[in-house]
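Here is a short tour of one protein, meant to be read with the model open beside it.

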Amino acid sequence: MTGTDAASAARDLFLRVTGAEPSGHWSAPGRVNLIGEHTDYNDGFVLPFAIPHRTHVQLGTRADGRIRVVSTFDEVPVEVPLADLAALFPDDRESVPEWSRYPLGVAWALLHAAGRDADVTGVDIAIASDVPVGAGLSSSAAIESATAIALNDTWDLGLDRVALARVGRTAENEAVGAPTGIMDQMASMLGEADATIFLDCRSLDANVVELGFASAGLELLVMDTRVAHAHSTGGYRERRASCELGAEIMGVAALRDLTVGDLAAAAEKMDDVTFRRVRHVVTENQRVLDTVQTLRNSGPRAIGELLVASHASMRDDFEISVPELDTAVDAALAAGAIGARMTGGGFGGAAIALVERAQAAEVTASVTRAFADAGYGAPHIFAVTPSPGATRA
Ligand code: GLA
């Protein structure tokens, strides 16, 4: 689905379900993380940017204090009184379909963050998206951010973008039950064209760093392995627990408080697996800082080695890569990519490759061939340009 298709699919769905025209249209993007993986929930640094793929929300008000959500994922509408949201989340979330926990969870978290009861107008919301689902491109943050900005405007709550990103994370953590950090929601809310967001996940200070891919003649390819992943279960949660254990053993509030110089001492104090988890986070934080410096001083062509080192750390120390991601990264590098790494939470999803524009077709063909040779299903490879964040359309 293209962006225009998703916007009109949401509008058509709204018309079909309510019989009326929507009164407003909002949208929010997915994201690619350039570097800084599994650092956000360790109070560390990340460097994501928003992508052109977006989730569209068409909204209309209703007089009866109810919220009805419907999406192209599952065209059966889900409807609850706004006054019941407080009883639904988090404990009774299983009583509504999984996809609906994102928009309903946002409504719940938003009212709570704004200190409001359910004394706001009822709403109908129709959702359609062209952010690939399960690809590690934050389709969930795109739904959360689009819903949050739409309801914040409609209910005139006046929350700023950082507060809305927090609302999205609360929905994801408590209404959906995925123990993720705040990177994706911040990228979706704050994205800017041709730039990346350098975010300190402790203070939530965000600085825009120019990327200049286009003017340097570069392209950023997303290589979606089509190996689906989910973060509400399994590996993501375990990695997070190892990081918390590592911080506790080292007597710090979060792994953000350690530097590369502390690693020798850490190695003495913990088991090998915990140590390697810690080493990934500590070195990855440093790589984010180095990438920002390199972008500012030398431009995007100089960040390749940092991307490659990040991938190796995720593959060997954090152990969140899968053979398809490694194949994509290795084949892209062998075909001449400047740098490549998996992006997002891991265990499937997508890798990225930074390439000369003239080499994009060759890298795409080589990665596709490597997948066929390995007997994997065909990857989905496409270029993305850093794009604006959530907005009223
Ligand atoms: C997922 C989570 C983010 C972040 C990344 C890993 O995308 O939603 O909060 O932890 O994984 O960097």
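Domain bounds, as used here, come from an automatic or database domain assignment. For this protein, that assignment gives domain 1, covering 3-208, and domain 2, covering 211-384. Please keep in mind that this is a predicted model.

**How the two domains meet**

Taken over C-alpha atoms, the centres of domain 1 and domain 2 are 26 Å apart. Where the two domains touch, 38 residues of domain 1 are in contact with 50 residues of domain 2. The area buried between them is about 3500 Å², and carbon and sulfur atoms give 65% of that area.

What polar links cross this interface? The rule finds 19 residue pairs in polar contact between domain 1 and domain 2, with both residues at pLDDT 80 or more. On the domain 1 side, at least two residues each are supplied by strand E1 (24-33), strand E2 (45-46), strand E3 (48-62) and strand E7 (195-200). Sorted by class, this side of domain 1 has 17 nonpolar, 14 polar and seven charged residues. Salt bridges between domain 1 and domain 2 number three.

**Salt bridges**

Side chains of opposite charge can pair when their charged atoms come close. By the rule used here, the count comes to 24 salt bridges.

**Around the ligand**

Which residues come nearest to the ligand? Of the 13 residues around it, these are Glu 37, His 38, Asp 40, Asp 184 and Tyr 236.

| Residue | Protein atom | Distance to a ligand oxygen atom |
|---|---|---|
| Asp 184 | side-chain N or O atom | 2.6 Å |
| Tyr 236 | polar side-chain atom | 2.5 Å |
| Gly 345 | backbone N or O atom | 3.4 Å |

**Two backbone details**

Two spots in loops deserve a look. Phe 89 and Pro 90 are joined by a cis peptide bond, with omega about -5 degrees. Pro 90 is in the loop between helix H2 (85-88) and helix H3 (101-113). Asp 43, found in the loop between E1 and E2, has a phi near 60 degrees, a positive value in a residue other than glycine.

Conventions: Residues are numbered from 1 along each chain as its sequence is written. This is a predicted model: local features need pLDDT of at least 70, side-chain atom pairs count only at pLDDT 80 or more; totals for chains, interfaces and linings use all residues. Side-chain values use heavy atoms; hydrogens and water are left out. Contact means heavy atoms within 4.5 Å. Buried area is the accessible area (1.4 Å probe) that two parts lose on being put together, summed over both. A salt bridge is a side-chain nitrogen of Lys or Arg within 4 Å of a carboxyl oxygen of Asp or Glu. A polar contact is a pair of N or O atoms within 3.5 Å; within protein, one must be able to donate a hydrogen and the other to accept it, and residues adjacent in sequence count only if both atoms are side-chain atoms. Helices (H or I, at least four residues) and strands (E, at least two) are DSSP runs, numbered from the N terminus. Ala, Val, Leu, Ile, Met, Phe, Trp, Tyr, Cys and Pro count as nonpolar, Asp, Glu, Lys and Arg as charged, and the others, Gly among them, as polar. A residue is near a molecule or strand if one of its heavy atoms lies within 4 Å of it.
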